[in-house]
Amino acid sequence: MSVDTDHNPTVKKRSGISPLRSFFAPILRPMRRMFGHLFFSSITRRILILNLAALVLLMSGILYLNQFRDGLIDARVESLMTQGEIISGAIAASASVETNAILIDPEMLLELEAGESIVPKVDGLENLDFPINPERVAPVLRRLISPTRTRARIYDRDANLILDSRHLYSRGQILRYELDPIDAPELSILDRVKNYFGGFFVRRDLPVYREQPGGTGALYPEVMGALSGGRSQIVRVSEQGEMIVSVAVPVQRFRAVLGVLQLSTQGGDIDKIVTAEREAMYRVFAVAVMVNVILSMLLASTIANPLRRLSAGAVRVRKSIKAREEIPDFSDRQDEIGNLSVALRDMTQSLYGRIDAIESFAADVSHELKNPLTSLRSAVETLPMVKKDEMRDRLLGVIEHDVRRLDRLITDISNASRLDAELVREDAQPVDLEALLKNMVSIFNQGHLGELNVELNITKLPAGTSSYTVPGNESRLGQVVTNLIENARSFIPKKGGEIKVYLAHKKDHIEVRVEDNGPGIRVENIETIFKRFYTDRPGAEEFGKNSGLGLSISRQIVEAHGGTLIAENIESNTDIDEFGGARFILCLPCE
């Protein structure tokens, strides 16, 4: 069945590529090849974004909670206060008394003696009126205010405006008024960005400054506070968002308040300093961002690149069939990636070892099954041609022997193939080896009553140890002990045969020894006897009765429990025999 993709809109929608993606594909593809490992890696993006986010949050907090602006306002308030004290003192000194009369107390004249005169008292000056003369104060105010950008206003005792430094100008100066431009220039993108982000840091808790109509100061709290004899200050914000600091100082002479001097900063003076400080912080922030990006990329490269190589190595291991791939080695790194590399390498080696074991096991199984099958096939093919009953009975005996041998092989192979899975699935439980050996030896002696007696010797436990307990699977450890005893039984002589089992507690492990007085093991076969399907038993009558998997399974079980199983010969005490028997040593770690 064919599908017409030209006339099927569903297929076209799924398989089609958007024009925008197809346009940028030739550009993005080379970039991905060159910088894909750095910029398009998920770990790299996360590290970069998280580090930059932390830096941005830190910078935002610094800008929002910046103490520089508060310190600058406090410094400006102190400066205006000091300047106001100086100017108010100069203004008070320029005030004069506008009267041509001298007030004399008649009662004091009657009390005078001959030749005495009246001396004016200082206390009497407190009641005199010293008005502020604008004509005399203006030159003083102009000289003191001109070097600064501070605006000064003087109010009388009724809070009426007397002088404003904004409208003072000396001879030869041109009076200028700040008017709004007719055509305001269009702001650049950078200025718009600055204004946008600057709006987040404008203080919304300050009162808005507005010029009072008629020049009255009654609506200024700081002016009314200064009329009562104290100093006042307040911080406002203009309608354009510019901060204005205003202080008011009373003009006093002989403790009499003649008026109020109000000093205020120009709109934008403090904001320009704060803006310059912020721009310096922005430059530092830009450098920090660059350094952060570089360090983040280096950090990501030390994490993402090794992980990528490990992932690629794992993919190669999965795809390779014949070749043996190696996982990159980062074991020299003392961190999690180094541990991951070691774990992956060990896992890969274990996997390859398991594959080799399976292949070897399959080859051994096929070889072991082939021998009885070949014998069985020959006997079956020969049976119809045999005419004598004696030969027929012999062939039937061979067939029966081979069938039993096949059944035994298949059973042992099935048990061996399930062993690994069972050992992995089952959890380790405390196993008392003393009780286990007593039960196994008792069962064996009862099964061979009168034929053979297995002797059990248990060494006394050392001080500080309460039992012969090991972690493991009790049934599997019992299988190991049974295999070792049965193996020893098959080699000892029928008369005078001895099997001894020893249990001892060593420093960091528990040792079980199974000794017999058989012929021993040939030196070249000390390790060969643990291979699968290997058997070397005396007497032709023993052929086919053993699969050769007992010792192999026993070592496999012991190694799964973290222990070791070795074999050695016992030295003979006589000159007749080469060896005095065989000894199997089983070592298991303590609990």
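Strand S4 (residues 243-253) and strand S5 (residues 256-264) run antiparallel and are joined by eight bridges. Helices (H or I, at least four residues) and strands (E, at least two) are DSSP runs, numbered from the N terminus, and two strands pair if DSSP finds at least two bridges between them. Val 251 stands opposite Gly 259 in S5.

This is a predicted model, in which local features need pLDDT of at least 70 and side-chain atom pairs count only at pLDDT 80 or more, while totals for chains, interfaces and linings use all residues. Residues are numbered from 1 along each chain as its sequence is written, and side-chain values use heavy atoms, with hydrogens and water left out.

Now for the whole sheet. It is open, with five strands in the order S2-S1-S5-S4-S3 and antiparallel pairing. Strand S2 (161-164) and strand S3 (232-237) each have a single partner strand, so one side of each is left without a neighbour in the sheet. From one strand to the next, the twist averages 20°. Helix H6 (residues 134-145) packs on the sheet and touches strand S1 (151-155), S2 and S5; contact means heavy atoms within 4.5 Å. The direction of H6 makes about 35° with that of S2. Axes are lines fitted to C-alpha atoms, for helices over the stretch in contact, and angles run from 0 to 180 degrees between N-to-C directions.

Next, some single residues. Buried means under 20% relative accessible area, exposed over 50%, and partly exposed in between (1.4 Å probe, protein chains only).

| Residue | Relative accessible area | Class |
|---|---|---|
| Cys 587 | 17% | buried |
| Cys 590 | 26% | partly exposed |
| Gln 349 | 41% | partly exposed |

Gln 349 is found in helix H10 (residues 336-382).
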